[in-house]
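Okay, thanks for making time, everyone. Let me put the structure up, and then I'll walk you through a few spots in it.

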Amino acid sequence: MDLSAFPYLQGNYAPVEAEYDHDETQLRVEGTIPKNLVGAYMRDGANTAYEPNHYVYPLDGDGMVHAVYFRDGKVQYKNRWVETSHLKTEREWGKTIYGSVGKLLEVPQEVIDAGGEPSPVRNTANTNVIYHGEKLFAMWEGGFPHLLNNDLSTVGLYDYDGALKPGDALTAHPKVCPDTGDLITCTQRWDSPNYWVQVIDKNGKHKQTIPVEFERKGIIHDLQITENYVIIFYAPAWHSLERAMKGEDPFMWEPDRGTKIIAIPRDGSGKNVVYETDAFFSWHFCNGFEQGGKIIIDYIWINSIPFTQAQGTGVEKQPRRMYRMTLDKATKQVTNEQFSDVFCEFSRVDERLMGKDYRYGFAASSNHDWDDAHGYNCTGRYDFVTGETKLWDYGPEANAGEPVYVPNPDSDKEEDGWVMCFVFNPDEGAFLSILNAGTFDQAAKVFIPTRVPNGFHANWMQNLTLS
Ligand SMILES: [Fe+2]
């Protein structure tokens, strides 16, 4: 596979070419693995199986999940591709067939006639992996999720017992309400500008739809919950399927329109509140909560749309920072302040405090300029009580992924949990980093003898085991 034409398939962005199973004897551990952890750390990401025709980071590439399973202080590792219909079709033909979300290709008639996947839009299944209602899903934001078995083998597309209709695109960024266990998620459609909040109960049954109308389909990646609202950012960022099919740049950024913040009542009353402010883009929320007459939103601010059809423009590397936004419900005033001057992305919290006042945010962070690359060599802890940003530095060439807060099952304190992420350091190889959340130092490293490429979102799957 010649990947030299693709800047975001170099170094540790390059895919691995095989699936592995490493038992505890093959995983060297430095430090001590917490003995009371039962479950798995899993991370999804792009791992293109064939040399692509075109590649937009961070949207394209076949999904692959990497997992480290924990039980009795012991660990096991697996990685598996998500067996999508697009990947299966390409395997049957032994080559790339489909284009990219930035440059769609017509599917050859002979492929369709032979029973291959007819949709030109690849279900990448590469964005997130979640465990809810005792079901494991690999997700992207352009279609249905894939149901996986605990061992990462793929069951297939999942429609929540028919709640998802053909053409519905389920977000890869749902939030779980810590009070009810509900999954607060949303659907969008390629053929409609509208947006639908969807609520799935703790057992995985669909229970509510809240429609939201828009005049134009925006690129809305994440959502945040507070006690009473679902919050979304409606930035002036657009994608056109027609332009993508013609080979033209399908991504548009129109900053004069500003960014709208939409507060959607979770009770389904339909009385949405719209706040307006200067244009910015954001991939990810950190957390949000209500306090008196205000809504506080912590998120990663980006100046403009951080991707484009053209390769190697550097647009992905524009500054991104932790921001705290305050929405005044009475005056509709928006206050938007930079919290830290550290370059960061992939923000997470102790999810027991999702939608509630909290102390610590965690994010993949950087303490140096990456020049032509794009990376995060630290895990950052953002203390919203003291205002302090603390970095755990893995070394200048290391690349650290999304830090997931793993609660200590024997404590409800944020300080008593752990923060886990995959790290690749050229000097050390790949490892799962386990930091103590409170002292913010290394508890353990689990070395993976095969490479773990840079990827996207991860989660801790409490009580998920292989047997
Ligand atoms: Fe994301």
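Let's start with Gln311, which sits in the loop between strand E22 (294–302) and strand E23 (320–328). When I say helix or strand, I mean DSSP runs numbered from the N terminus, with helices (H or I) of at least four residues and strands (E) of at least two. Before going on, a caution: this is a predicted model, so local features need pLDDT of at least 70 and side-chain atom pairs count only at pLDDT 80 or more, while totals for chains, interfaces and linings use all residues. Residues are numbered from 1 along each chain as its sequence is written.

Leaving out neighbours within four places in sequence, Gln311 is in contact with Phe6 and Pro7. Contact here means that the two C-beta atoms, placed from the backbone, lie within 7 Å. As for Asp256, 55 residues away along the chain, its C-alpha atom is separated from that of Gln311 by 26 Å.

Now let's zoom out. The protein has three helices and 34 strands. The C-alpha trace spans about 60 × 55 × 45 Å along its principal axes. A compact globule of 467 residues would have a radius of gyration near 23 Å, and the protein has 21 Å, which agrees. That radius is taken over C-alpha atoms, and the globule rule is 2.2 Å times the number of residues to the power 0.38. Of the 467 residues, 47% are buried. If you take the contacts with a separation of 6 or more, 55% of them are between residues 24 or more positions apart.

What about the core? In soluble globular proteins, nonpolar side chains tend to be buried together. Here the largest nonpolar core has 122 residues, and those with the most contacts inside it include Tyr41, Val404, Met420 and Leu432. The largest share of this core, seven residues, comes from strand E31 (residues 418–425). By nonpolar core I mean a set of buried Ala, Val, Leu, Ile, Met, Phe, Trp, Tyr and Cys residues joined through C-beta atoms within 7 Å. Take Met420: not counting residues up to four places away in sequence, it touches Tyr41, Pro403, Val404, Val406, Leu432, Ser433 and Ile434.

Okay, the part some of you will ask about: the histidines. The UniProt record, an unreviewed entry, places the feature "binding site" at His173, His221, His284 and His457. They span 285 residues in sequence, yet no two of their C-alpha atoms are more than 12.6 Å apart, so they gather at one spot. UniProt positions are in the numbering used here, feature names are shortened, and annotations may be inferred rather than shown by experiment.

Two of these in a bit of detail. His221 is in the loop between strand E14 (206–212) and strand E15 (224–225), and with 19 C-beta neighbours inside 10 Å it counts as partly exposed. Apart from residues up to four places away in sequence, His221 touches Glu141, Trp283 and His173. His284 is in the loop between strand E20 (273–277) and strand E21 (285–291). His284 has 20 other C-beta atoms within 10 Å, so this one is buried. With neighbours within four places set aside, the contacts of His284 include Asp222, Tyr299 and Glu345.

Most residues other than glycine have a negative phi, and most peptide bonds are trans. Tyr57 and Pro58, though, are joined by a cis peptide bond, with omega about 5 degrees. Pro58 is in the loop between strand E3 (39–46) and strand E4 (63–71). Then there's Asp72, with a positive phi near 55 degrees, found in the loop between E4 and strand E5 (74–81). Asp72 counts as exposed, because it has 11 C-beta neighbours inside 10 Å. Glu134 also has a positive phi, near 60 degrees, and its place is in the loop between strand E6 (128–132) and strand E7 (135–139).

That's my tour, thanks.

Methods: Buried ≥ 20, exposed ≤ 12 C-beta atoms within 10 Å, placed from the backbone.
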